[in-house]
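Thanks for sending this one over; here are my notes, written to be read with the model open beside you.

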Amino acid sequence: MEFRLLGGTEVWAGDGPVDTGTARQRRVLAALLMDANRPVTVAQLVDRVWGNDQPSRAVPTLYSYVSRLRRLLPGLIDRSSGGGYVLTADVESVDVHRFHRLIALARETGDDERAGELFGQALALWRGEPFADADTPWFNAARELLQKEHRAAELDHTDVRLRLGEHAAVLTSAAERTAAHPLDERLAAQYMLALYRCGQQADALAHYRTMHRTLAEELGIVPGHEIQRVHQGILTGSAELDAPRRTDAGAAPPPWPVHCQLPLDLPGFTGRTDEMRLLEKELTAPIAAPVVLCGSPGIGKSALAAHLGHRLRESFPDGQWYVHLTGNSGNPRDPGEAIAALLLASGQDPSTIPEPIEGRAAALRARLADRKVLLVLDDAYDAEQVRPLLPGTPGSAVVITSRSDLRGLAVSHAARTVPLDVLTAPEARSLLAHMIGAERVAAEDEAAAQLTGLCALLPLALRIAGSHLAARPARRLTDYVADLAGGERLTKLAITGDRQAAVRTAFGHSHATLEPDAAHLFALLGLHPGPEFSSESAAALLDCPPGEAERLLDRLSAASLLQHTGADRFRFHDLLRLYAAEHAADAPDRESAWRRLCDWYLATTDAATAFDYAGSVQLPRTRTPSTRFADRHEALAWLESERSALTALVLRAGDAGPRDVAWQLTDQLRLYHYGRRHLSDWKVTTTAAMAAAEQEGDVLAQALLWNSTGLLRQHTGDSDGAREALLAAQQGYRAAEFTVGEVAILTNLAIHHALRGEMRHAIDSQRHGLALLRRLDRPVLLARALSNTGLMHAFLGAFDEAVACTSEAIRLCRALDRPTGTIGPLVNRAVSHHGAGHSTAALADATEALRLHRDHPHGTSGPATHEILARIHRDAGDLGQARGLAETSLRAALDIGEPASQAESLITLGSVHVLTAAHDSALALLQEALELTRRHGFRHHETDAHTHLARLHLSTGARDTAAFHAEQGLAIARDLELRPAEQRALATLTDIRRR
C-alpha cells in the first residue's frame with residue numbers, strides 16, 4: 001500500500017486508488033500519516049483537523065472518521081496507550097517520509113552523480129500542493145514547511161546539476177522558478193550561471209541588473225556575495241564559471257570482513273576525506289612507516305583511527321589489534337603491560353612471556369614477523385611509551401594517536417605525522433544532521449550553522465551538542481544556540497555524569513602535562529584578540545625574549561594546544577581560546593600583559609607604516625624610529641599577516657581600553673587600509689575608534705576619524721555621506737586648531753567634487769590648499785594635491801597645466817623615495833599626455849607606472865594603470881593588447897570594490913569591443929557602466945558611457961538611438977565644461993549625421 005501526501009491526499013493499493021472519503025476524513029488520515037508510527041493524541045487530531053473552528057461534537061465526529069479509516073485500512077490504525085491513535089506503516093510507503101530520507105541521502109553523499117539521482121527521485125514524488133483542501137493552522141504550517149524543504153531541495157539539485165555540466169537542462173526550470181521567486185538570490189545566481197554557460201551573457205547581466213534594482217527598491221539592500229561573484233565572473237570571463245568536464249566515478253570498494261579488535265566504528269563518521277586517502281596509501285605501502293595522528297583534544301583522533309582500521313581490515317587479514325595507552329587512573333600505561341596483553345591476544349603461552357621489557361618487545365616483534373596486522377595504539381603519552389610496541393619487519397602497520405606530535409618517532413622510526421584540524425563547516429553540519437536528523441537541521445539551517453561555529457567545528461563538542469539535542473527532540477536549535485552563546489559555553493558542552501564526555505575535561509588532560517612557564521604563556525595567549533599570533537606578540541605578552549617565547553610556543557604546539565600554521569604563526573580554535581581565556585582571568589599579570597601587547601602592536605605598526613605613509617596627516621604623538629623591518633616589502637608582509645589581529649585589537653581596546661590605543665592604531669592603519677583596499681577592516685576599525693574617541697571626548701581624534709570616514713565613503717561611492725563626514729572633520733580640525741588637517745581636508749573636498757565631475761569646483765577648492773601646503777612644507781600632501789589637480793585639468797582639457805602639476809608631483813615623490821606615491825602622478829600625467837595626443841610620452845609614463853605597481857601594488861593603482869594603457873593601445877590600433885589590459889583593469893576594479901574605477905574600466909573595455917564588432921559584449925558592458933555612473937553620480941564618466949554607446953548603436957545601424965546617446969553625452973560635457981569629452985561627443989554626432 002502506498003500513501004501520497006505531496007499533492008492531494010491519496011492511498012493506492014494494487015493498481016488503483018482507494019476511496020478515502022470526505023475532505024475532513026482525508027485530513028485525519030494525513031494528520032496520522034505525517035506522524036506515521038508515532039502516537040497522535042485525540043486533542044492533537046482535533047486541533048489539526050479543525051483548528052480554531054472546532055464543532056461542539058468534534059471528538060465524536062473524529063471517532064467516526066477514524067472508525068471508517070480503520071475499515072478502509074485494516075490492521076494499520078490502532079489505539080495508542082495514551083488514548084490517541086497510531087498509524088503503523090513502512091515509512092518508505094509514505095511519500096513525505098521517503099522524500100525526507102532521499103534528500104538526506106543526497107546531501108550526505110559525496111558523489112554528485114548519485115546525489116543528482118536521489119534529488120531527482122525525491123522531487124519526482126511531488127504532484128502538487130500538499131493539503132490544498134486543509135485550511136487549519138497546523139496544516140498551513142506543515143504545508144509551508146514542506147514547501148520550504150521542496151524549494152531547498154530544488155536549489156540543491158540545481159547546484160548538483162550545474163556541477164555536472166547540465167546547465168542547458170536546468171535553464172527552463174530555473175527561468176520559471178526565478179519568475180516565481182524574484183528575490184531569491186541563490187536561484188538568481190544559478191539562473192545567471194546557466195544563461196552564461198549557454199552563451200547568453202547579455203541576458204545573464206541583464207538579469208543581474210534587474211535583481212540589483214529590485215533588491216534596492218523593495219528591500220533597500222544590495223546583492224549578496226555569491227551573486228556578485230557570478231556577476232563579476234561573467235563580466236571578466238572567469239574560467240571558474242566554465243562548465244565542468246564529466247568524469248566517470250570510480251567503483252566503490254568491496255565490503256570488508258567484520259572480525260577485529262577495534263572499537264566501534266562511529267556511525268555517521270564525517271569528513272577527513274583527504275586524510276583517509278593519505279593514510280590508506282601510507283599504511284598499505286609495502287614498507288609502511290608508523291603513522292602518528294595528532295591534534296588538539298576532542299579533534300577526533302581515536303574516531304579516525306578506528307574508522308580507518310575498519311576500512312583497512314581486508315588489507316590486514318592477520319588481525320587488527322587495538323591498545324589504549326592511557327591507564328584507568330589517567331596516567332600513561334606501562335608499555336611492558338601493554339605488550340604482554342598483545343602477546344596473550346596473539347595466542348602466546350603466558351608462561352613463555354619474558355619479564356624484562358626488552359624481551360617482551362623482542363617477543364612481540366617475533367610474533368608479528370611476516371604477518372599482516374594493523375596495530376592501533378590509542379592516546380600515546382610520548383615516544384618512549386610507543387617504541388617497544390613497534391613491529392620490526394614489513395607487512396604490519398601501526399597507527400598511533402596522541403595529543404603530542406611524538407616527533408621523536410620521526411627520528412627513530414621515520415614515522416609520518418598527520419596533524420588533524422577541526423572539521424569543515426559542511427562536515428560539521430553533516431555530523432550534526434546524522435545525530436539529530438537532517439530534517440531538523442534543514443528546518444533551522446541558520447541556527448545549525450551558528451551551532452557548528454559555537455562548537456568551533458570540534459567533533460567532540462559537536463557530538464556533545466548533538467546528544468543534548470537528540471535527547472530533547474522538541475527543543476528548537478535556535479533556543480539551544482542562544483543558551484550556548486549566553487555564557488559558560490565550556491561548562492554546557494558536557495554530558496552530566498560522564499567526565500570523559502566533556503570538552504573542558506579533554507582540554508584539562510593536555511593542560512595538566514605542561515610545565516609552569518608554558519602553562520603561564522597559554523593563559524596569557526587567552527588575552528590575544530586575533531585568530532593567529534606570532535612568537536613576537538607572545539614575547540610581548542610574557543615580557544621575555546622572542547627565543548624563549550618560541551620555545552614555549554613549540555611546547556604548546558607539540559601538546560596540540562596550539563596549531564603551528566606557518567612560519568612563526570600559531571593559532572588555536574575558539575573553544576581552546578575560551579579555555580585559555582578562563583586561565584587568563586586568573587593570571588595575576590593579565591593587565592600589564594595586555595598593555596604590553598597593545599604597546600608592541602602600536603610601535604610595530606608605526607615601523608611598518610613608516611615606509612609609505614609617513615608625512616600624511618596623522619595624530620601628533622611620539623613615534624620612535626625603528627629598524628624592525630628591512631624594507632617596505634617586509635613591512636607590508638607583516639601588516640598583511642597581522643591584519644585580523646590589528647582589527648580585533650582596535651575593537652577590544654575601544655571597548656575595554658586603553659581607548660587611546662584604539663584611535664591611535666586606527667589612525668596609523670588608515671592609509672594602509674586604503675592602499676590595500678581592506679575596506680571592511682577600515683570601516684570596522686574607524687567605527688570602533690570613533691566610539692572610543694567620543695566616549696573620551698577627544699576632539700582631534702574624532703576629527704581625524706571623520707576624515708577617514710569621508711575618504712572611505714568616497715571610495716565606496718557614497719558621495720553625500722562623504723561630504724557630510726569631510727565637513728565634520730573640517731569643523732573638528734578647526735576646533736582643535738590642527739592646521740595641517742584643515743589643509744588636507746581641502747584636497748579631500750576637491751576629490752569629492754571631482755568624483756561628481758565638478759572639475760571647476762574641485763580646482764577652486766584645491767587652489768587655496770596648494771598655497772598653504774607649500775608654506776607648511778608638507779611635500780607628501782603637496783604631491784597628492786598636485787597629482788589630483790593635474791587630473792582635474794586634464795578632464796577640462798587644460799593639458800599643459802595638467803602636465804605641469806603632475807610632473808611636480810612626480811619630482812616630489814621621487815625625492816622622498818615614495819614609489820607608491822609616484823604611481824598616481826605617473827598615471828595622471830599619462831592621461832594628460834594621452835589627451836593632448838602625445839602618445840609616446842603617455843606610453844612611457846603608463847609603462848613606468850605599471851612597473852612600480854607590480855613592485856608596490858597600492859590603492860587603485862592597478863585598475864588605473866591598466867586602464868590608461870588600454871586606452872593608449874586602443875587608440876594606437878592594437879586592439880588585442882587593449883582588450884587584455886582593459887579586462888585586467890576591470891578584474892582589479894571589481895576586486896577592490898571601487899565604483900569609479902569599475903565605471904572607467906567598463907567604458908574602456910566596452911569601447912574596445914565596439915571597435916572589434918563584439919556588439920553584444922559591448923552593449924552589456926556599456927549599459928552596465930551607464931547604470932553605475934548614474935547610480936553614483938559620476939557624471940564625467942557618464943558622458944563617455946553615452947558617447948561610446950552612441951558609437952556602438954551607429955555601428956549596428958540604430959541611428960536614432962545613437963543620436964540620443966551622443967546628445968546626452970554632449971549635454972553633460974558642456975554642462976561640466978569637460979572640453980575633451982565635448983569634442984568626442986561632437987565628433988560622434990558628426991559621424992551620425994553623415995550617415
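The points below go through a sheet, a surface patch and some salt bridges.

1. A word on the source before anything else: this is a predicted model. Please keep that in mind as you read the distances and angles below.

2. Let's start with the sheet. Which order do its strands take? The order is S7-S8-S9-S6-S10, in an open sheet of five strands with parallel pairing. At the edges sit strand S7 (320–324) and strand S10 (416–419), each of which pairs on one side only. On average, neighbouring strands of this sheet are turned by 20° against each other, direction ignored.

3. Helix H11 (residues 273–283) packs on this sheet, where H11 touches strand S6 (291–294), S9 and S10. The direction of H11 makes about 165° with that of S10.

4. With S9 (residues 397–402), strand S8 (residues 374–380) pairs in the parallel sense over five bridges.

5. Is S8 mostly covered or mostly open? S8 is mostly covered, with seven of its seven residues buried. As background for viewing, side chains in a regular strand alternate between the two faces of the sheet.

6. Turning to the surface, Leu183, Leu219 and Ile221 make up a nonpolar patch whose accessible area is about 230 Å² together. Ile221 is found in the loop between helix H9 (201–218) and helix H10 (225–236). Its relative accessibility of 38% is why Ile221 counts as partly exposed.

7. Now for the charges. How many salt bridges does the structure hold? The total is 72. One of them joins the side chains of Glu92 and Arg101, at 2.4 Å from N to O. Glu92 has a relative accessible area of 27%, so Glu92 is partly exposed; Arg101, at 34% relative accessibility, also counts as partly exposed.

8. Another salt bridge links Arg756 and Asp720, with the closest N and O atoms 3.8 Å apart. Arg756 lies in the loop between helix H35 (739–755) and helix H36 (759–776), while Asp720 belongs to helix H34 (residues 719–736), so this pair ties together parts that are 36 residues apart in sequence. Arg756 is partly exposed, with a relative accessible area of 29%, whereas Asp720 counts as exposed because its relative accessibility is 58%, and the cut-off for exposed is over 50%.

9. Arg979 and Glu982 form a salt bridge too, their closest N and O atoms being 2.9 Å apart. The two residues are three apart in helix H47 (residues 979–994), so about one helical turn separates Arg979 from Glu982.

How values were computed:
Residues are numbered from 1 along each chain as its sequence is written. This is a predicted model: local features need pLDDT of at least 70, side-chain atom pairs count only at pLDDT 80 or more; totals for chains, interfaces and linings use all residues. Side-chain values use heavy atoms; hydrogens and water are left out. Two strands pair if DSSP finds at least two bridges between them. Helices (H or I, at least four residues) and strands (E, at least two) are DSSP runs, numbered from the N terminus. Axes are lines fitted to C-alpha atoms, for helices over the stretch in contact, and angles run from 0 to 180 degrees between N-to-C directions. Contact means heavy atoms within 4.5 Å. Patches are made of residues with over 30% relative accessible area and no salt bridge: like charges are joined within 9 Å, nonpolar side chains (Val, Leu, Ile, Met, Phe, Trp, Tyr) within 5 Å. Accessible areas come from the Shrake-Rupley method with a 1.4 Å probe; for residues, only the protein chains shown count as cover. A salt bridge is a side-chain nitrogen of Lys or Arg within 4 Å of a carboxyl oxygen of Asp or Glu. Buried means under 20% relative accessible area, exposed over 50%, partly exposed in between (1.4 Å probe, protein chains only).
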